[in-house]
Amino acid sequence: MTDFRVPAWGYWIMGVGLAAFIVMLVMYIRRNRGFKRPLFASPYVLWLVVFTVIPCLLVAYFSFTDYQGNFTLDNFKDFWDSNYTARKAMDPEEMKMYEEMGLTLEDLGLERGTININTLVFSLWMAFLCTVICLLLGYPAAHIMANRDFKLGPTLVVLFIVPMWMNFLLRTVAMMTLLEDNGVINSLLEAVGIGRQKLLNNVAAVQVGMVYNFLPFMVFPIYNVLNKMDYKLSEAAMDLGCDKWHTFYKVTLPLSLPGVVSGITMVFMPAVTTFYISRLLGGGKVQLFGDLIEAKFLSTSLREWNVGSALSLIMMILILISLGLLRKVDPEGEGGGMV
Amino acid sequence: MTKILKRVYLGLILLFLYVPIIVLIVQSFNAGKSRAKWEGFSFTWYGQLFNDPSIMNALWITVSIAVLAALFSAVLGTLAAIGIHAMRRRPQAVMLTLNNIPMTMPDIVTGISLMLLFIFTKVERGYVTMLLAHITFDVPYVILSVMPKLQQMNKNTYEAALDLGATPVYALFHVILPEVMPGVITGAMLAFTLSLDDFTISYFTTSPLVQNLSTLIYSQARRGIKPTMNALSALMFLVLLALLLVVNRRTDSEKA
C-alpha cells in the first residue's frame, strides 16, 4: 500500500505500552512474592492488547482523522452524503474552473449521494429477510428432529452440522454452479420445456445463497434447546386439556426462545456483514454494506480508507447494539450460541 | 399422514442443503469441462489437481497455517484459561469481556482492523500476518473449551502440589494440564477447523501473492471455477466429514 502517515506518537505509545506492561508484570510478581497463577494469562493479555485492542483503536483513529492525520468528522458525513469527503478534497480553484467550463457536480461524480446509507438499509433488510426465512424453515425442522419419538433425529442433526463447518466460500461457489446459466437447474428447466432462466446475479440469488449458508446456524441452537427441554412439561399440558396447538404456543415455544434468540444472532450478524455471497451470487449487481466497506479498502485513495474505517465503526456499533438487545432477551446465553 | 409430511419436509430441507455439494462432487468426476453435460466418469481432474502448482501451494498454506495456528492458540489459550480461572472477580470479568471481542466482532471488521495494524506498523502482509490473524481469532475458542474443564477440577489439588514443594510450572505440567487435556484437544481441533474455513480475515491480512484455498477460490470464482477446484472441494468435504466424525466420537466418549 501507499505511504500511510504514521504519527510519531503512534510508535511512542506502542513503546511506552510495552514498557508499562513489563513494569506492571514485575510489580505484580514482587507484590505477590513470587509467581501466581494469574500470570499464566500474561502472554495472552499482551496478545489481546496488540491484536485486538490496538486494531480496534486504529479503526476508531482512522474514522476520526483525514488522510493527513488531522481530526475530522467528515468521514461520518460521508455516511449520509457519499461524496462529501471527495467534494471537500477538491481544490476550490479547480472547482471554479470546472464550473466555468459548465460542468456540474454530477458530471464530476461529486454530487450528493445516499448510496452508503441506502446500502446499509438494504443490507439490514436482506439480513432481516434471511433471518425470518431461516426461522420459518428451521424451527419446524428442529422441532421435528427434537421429537422423542423420531428415532432418526440425532442422526439427521449431524447432517445439519456438517455444512456449518464447511468452507463458506466453497458452499457459495457450489450454489453458484447450481444457478449458473448452463448449470444443473437450467439444464433441468430446459429439459422440462420451461427454457433457461437468468437465475444468477440478482437479489433473489443472493438471498437464496444467504439462507443456504446460514440455515444450519438457525436449526442447531433451536434443536439444542428443544432437545434438552423436559418433554414431561408438554405431556402435562396435554393431560390438562391443552390441544396440540396451545401446548406448542403456551409451553414449547416460550421454553425454546433462548435457542431462537441465539439462532437469530448467529444468522443475522453474519448476514449483515457478508460481502462474498453478494459478490459471487450477485455478480456485482447487488451491493451489500460489506461490499461497500471492502470496496473502500480496495481503493488506492487513502481518503477512501478513512471513510471505510468510519463505515466499519458504524457497522461495529450496530452489531454491538443488536447483540446487547438480544442479550436482554436471553441473559443467560442458554441457547448455547457457539457450537 | 403427518409423520410422512414431516419426513418429506426434513428431506426437502436437507436436499436444499446438500444438492449444491452433491452436484459439485458429481461434477468433479465428469470427464468433460462442461458443467451441464455428463461426458463420462473419470479421475482426470483429480490427477490434474495434484499437478496444479497454484492449488497445491494454496493447500499447503491453508493446512500449515491451520496446524500452526491450532498449536499456538492451544498453548496460548490454555495458559490464558488457567490464568483467567485463577484471577479475582473483577479482572476475570474484564478478561472474559476482552476475550469475547474477537468472537462477537464481524469478521470483516476484525480483518480490516488487523490489516490496518499491519499497515500501520509497516509489516508486509503475507504468510506470517495471516498466521498471526488466525491465532488471534482461534484463541478465544480454545479458552472457551478449556474453561469448563478447569471449573470441574478440584481447586485444592494445585495448592496441594505447591504445598508439597512443586514449583508453579511443575504443578502446571503435572497437575493441571493432565486434567484439562480433553478440553485443550477439543479447542485445538475447533481452532484447526475454524482456521481451515476462514476466508474473510485471511482475505484482508494476506497479500495476493500468498493465497490460501479460500482466497484462491474467491479470486477464481469471478472468472469461473476450474474443474480441478471441484475435485478439491470434494476432497475437502470428505476430510471435513472425517474430522467431524472424529470430534463427535471424542465428545461422545467424554460424555459417556
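**Two chains, one chat**

Visitor: How much of chain B is buried?
Guide: A residue is called buried if 20 or more other C-beta atoms lie within 10 Å of its own, exposed if 12 or fewer, and partly exposed in between, with C-beta atoms placed from the backbone. Chain B has 256 residues, and the buried share is 45%.

Visitor: Before we go on, what am I looking at?
Guide: Residues are numbered from 1 along each chain as its sequence is written, with chains lettered from A and ligands numbered from 1 in the order written. Local features need pLDDT of at least 70, side-chain atom pairs count only at pLDDT 80 or more, and totals for chains, interfaces and linings use all residues, since this is a predicted model.

Visitor: How many helices does chain B have?
Guide: Helices (H or I, at least four residues) and strands (E, at least two) are DSSP runs, numbered from the N terminus. Chain B has zero strands, and its helices come to 11.

Visitor: Why is chain A said to be more spread out than a compact globule?
Guide: Chain A has 16 helices and zero strands. The radius of gyration is taken over C-alpha atoms, and the globule rule is 2.2 Å times the number of residues to the power 0.38. For 339 residues that rule gives 20 Å, so chain A is more spread out than a compact globule, with a radius of gyration well over that value, at 26 Å.

Visitor: Which helix gives the largest share of the side of chain A that touches chain B?
Guide: Two residues are in contact if their C-beta atoms, placed from the backbone, lie within 7 Å. The contact takes 59 residues from chain B and 67 residues from chain A. On the chain A side, the largest share is 13 residues, and it comes from helix α2 (residues 42–63).

Visitor: Is B:Lys122 buried or exposed?
Guide: B:Lys122 sits in the loop between α5 (107–120) and α6 (127–152) of chain B. Its phi is positive, near 60°, in a residue other than glycine. With 9 C-beta neighbours inside 10 Å, B:Lys122 counts as exposed.

Visitor: And where does A:Asn201 lie?
Guide: A:Asn201 is not a glycine, yet it has a positive phi of about 65°. It has 18 other C-beta atoms within 10 Å, so it is partly exposed. As for its place in chain A, that is the loop between α10 (184–192) and α11 (203–228).
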